[in-house]
Amino acid sequence: MSRSLWQVIVSLGLCVGMCFPALSWAGDLPINTKLGGDFTLPSTRGESTSLSDFNGKAILLNFGYTSCPDICPMVLNRMAAVMNELDDERAKVQPVFLTFDPARDTVERLQQYLKYFGDDFVGFTGTDKQLVEVARQYGVIAIPQKSDSAAGTLYTHSDYIYLLDQQGRVRALYSKSDSISKMVDDIESLLED
């Protein structure tokens, strides 16, 4: 996948989803009707897993890549911290990580990587075309850049954590400035609906 195609597709999706969000309300959190949607991809659970397989659970969703030297481990640590704060409600929330680097992030690589953050984390991969489509659905920015470092290709990318409700609808996006306690409070409010 060429860098320019990724840029055009994901930037367009981001602008549509983030610049002009369509919101409706249910409970304490709005429903973003411009971002999100179901997808079916190979995952750490099997050859073909759909996001809708987790309907009935709240979902914490992040996009990244396992060779990321800094941002992705920090974001996944934040997701793990949220999961640890949920105690008995942890089983009602599904943490999901979707790569945009399928050349390196095989299912086996995702299994090895995600176990450091929690046994319940599920990783998705796919073809470039499949992953660009999902990135567009969620307005994700991921721009590959050649690097002379040992990590090889690096990505400039967005780092939001998406909170999806039990019907798979986007209810909140969290940046690094949002506190763990706010995320836990929002999840608990969804679980009470």
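Student: What makes the backbone oxygen of Tyr160 and the side chain of Asn62 a polar contact?
Tutor: This is a predicted model. In it, a polar atom of the Asn62 side chain lies 3.0 Å from the backbone oxygen of Tyr160. The cut-off for such a pair is within 3.5 Å, so the pair counts as a polar contact.

Student: Why is Asn62 called buried?
Tutor: Its relative accessibility is 1%. Buried means under 20%, so Asn62 qualifies.

Student: Where does Asn62 lie, and which residues is Asn62 in contact with, leaving aside neighbours within four places in sequence?
Tutor: Asn62 belongs to strand S5. With those neighbours set aside, its contacts include Val75, Met79, Val96, Phe97 and Leu98. Asp159, Tyr160 and Ile161 are also among them.

Student: Phe97 is on that list. Why is the pair of Phe97 and Tyr113 called tilted?
Tutor: A pair of aromatic rings is described by the distance of the centres and the angle of the planes. By the pairing rule the count comes to 11 aromatic pairs. For Phe97 and Tyr113, the centres are 6.3 Å apart, within the 6.5 Å limit, so the rings pair. Their planes stand at 45°. Stacked needs under 30 degrees and edge-to-face over 60, so this pair is tilted.

Student: What parts does the pair of Phe97 and Tyr113 tie together?
Tutor: Phe97 lies in strand S6 (residues 93–99) and Tyr113 in helix H3 (residues 107–114). The pair therefore ties together parts that are 16 residues apart in sequence.

Student: Are Phe97 and Tyr113 buried or exposed?
Tutor: Phe97 has 0% relative accessibility, so Phe97 is buried. Tyr113 has 9%, under the 20% limit, so Tyr113 is buried.

Student: What geometry does the pair of Phe117 and Phe121 have?
Tutor: Their centres are 6.3 Å apart, with 45° between the planes. That pair is tilted. Both Phe117 and Phe121 are buried.

Student: Which residues do ring pairs link into a cluster?
Tutor: Phe39, Phe63, Phe124, Tyr138 and Tyr162.

Student: How do you know that the charged end of Lys115 sits over the ring of Tyr116?
Tutor: The charged end is 5.9 Å from the ring centre. The distance limit is within 6 Å. The charge is listed as sitting over the ring.

Student: Which residues of H2 are buried, and what do they pack against?
Tutor: Cys72, Val75, Leu76, Arg78, Met79, Ala80, Val82 and Met83 are buried. They pack against S5, S6, H3, S9, S10 and H5.

Student: What about the span of H5?
Tutor: H5 has 13 residues and reaches 18 Å from its first C-alpha to its last. That is close to the 18 Å expected. Its buried residues include Met183, Val184, Asp186 and Ile187. The buried residues of H5 pack against elements including S2, H2 and S11.

Student: How many helices and strands does the protein chain have, and what share is buried?
Tutor: The chain has 5 helices and 11 strands. Buried residues make up 49% of its 193 residues.

Notes
Residues are numbered from 1 along each chain as its sequence is written. This is a predicted model: local features need pLDDT of at least 70, side-chain atom pairs count only at pLDDT 80 or more; totals for chains, interfaces and linings use all residues. Side-chain values use heavy atoms; hydrogens and water are left out. Rings of Phe, Tyr and Trp (its six-membered ring) pair if their centres lie within 6.5 Å; planes under 30 degrees apart count as stacked, over 60 as edge-to-face and the rest as tilted. Helices (H or I, at least four residues) and strands (E, at least two) are DSSP runs, numbered from the N terminus. Buried means under 20% relative accessible area, exposed over 50%, partly exposed in between (1.4 Å probe, protein chains only). A charge sits over a ring if NZ of Lys or CZ of Arg is within 6 Å of the ring centre and within 35 degrees of the ring normal. Contact means heavy atoms within 4.5 Å. A polar contact is a pair of N or O atoms within 3.5 Å; within protein, one must be able to donate a hydrogen and the other to accept it, and residues adjacent in sequence count only if both atoms are side-chain atoms. The expected span of a helix is 1.5 Å times one less than its number of residues.
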